[in-house]
Amino acid sequence: GTFEAGHGVYAATVKEAQQYADEHGGDVYLVAPLPNKHAVVGERGWRAEGAVCLKRLTQENQAQIARMIVAAAAKDLPQVPAILRWAIAVASQAEGRLVCPPGVNLLDLWRNGKEMAWLESLLPYLDRAEDKPAIARRLIDMRDEGYWLSLPVLRWVTLVLSEASGELVTPKGVQLAELLYCKDDKGYATWLGRMARYLSAEQLSHACESLLSASKMELLAEARRVWLERATPPS
């Protein structure tokens, strides 16, 4: 059929493409629209009159393919936002640092897709960024504009701003008790260890009691470590 009638080559995110591959016994490939052919691009994929197949995606080479996508974006070749988010996350995880094309604003990329889990996965790498206080402040501005931030992101913002100012700083309208409440979050103990110096004795006690109510032994060990650092003598 014709392109105008909805025919052509369809490309999608890795997750969606893998579902089709599993259903039909196929494989997932990195593809690009053929130059000088009609194409329609969306938030999570595209449709083109023709495409070139670049490489098969495997577990072993997904980091290499992610780097290729990031490199293409760095050369100003347009990328589907959802696929670029995947590439940034995979490449960052492989290299242990934030891998983002110059000129790409991560928060704009997140806002376009509203993928909170993706933003949370990048927090360890954003934490090493030189401009992390500016990123934290921009997240607060976005929250004030009506964007929802998850509890791990709010905790990260609070920690970054507190470290930058040398005293406790919480986002406007966010209750500290909400941040201090532990829900068996594996990152909570590490966050509390860094936040402890900015908390009063009462606030720290509340946080440690929350840790003690958790069921995971590593959280209890972290509660003891935090207490020992602050208590004189240790209790």
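## Cysteines

Cys100 is partly exposed, at 25% relative accessibility. Buried means under 20% relative accessible area, exposed over 50%, and partly exposed in between (1.4 Å probe, protein chains only). Cys53 is also partly exposed, with a relative accessible area of 49%. The structure has zero disulfides, a disulfide being a pair of cysteine sulfur atoms within 2.5 Å.

## About the model

This is a predicted model: local features need pLDDT of at least 70, side-chain atom pairs count only at pLDDT 80 or more, and totals for chains, interfaces and linings use all residues. Residues are numbered from 1 along each chain as its sequence is written, and side-chain values use heavy atoms, with hydrogens and water left out.

## Salt bridges

The count is 12 salt bridges. Each is a side-chain nitrogen of Lys or Arg within 4 Å of a carboxyl oxygen of Asp or Glu. One of them joins Arg56 and Asp27 (3.2 Å, N to O). This pair links distant parts of the chain, 29 residues apart. Arg56 lies in strand β5, and Asp27 in the loop between α1 and β2. Helices (H or I, at least four residues) and strands (E, at least two) are DSSP runs, numbered from the N terminus.

Arg111 and Asp108 also pair, at 3.0 Å, N to O. They sit three residues apart in helix α4, so about one helical turn separates them.

## Lys132

Lys132 is in helix α6 (residues 132–144). Lys132 is buried, at 17%. Its salt-bridge partner is Asp127 (3.5 Å, N to O). Asp127 is buried too, at 18%. Lys132 also touches other residues, including Trp156 and Arg194; contact means heavy atoms within 4.5 Å.

Key
Lists of a residue's contacts leave out its neighbours within four places in sequence.
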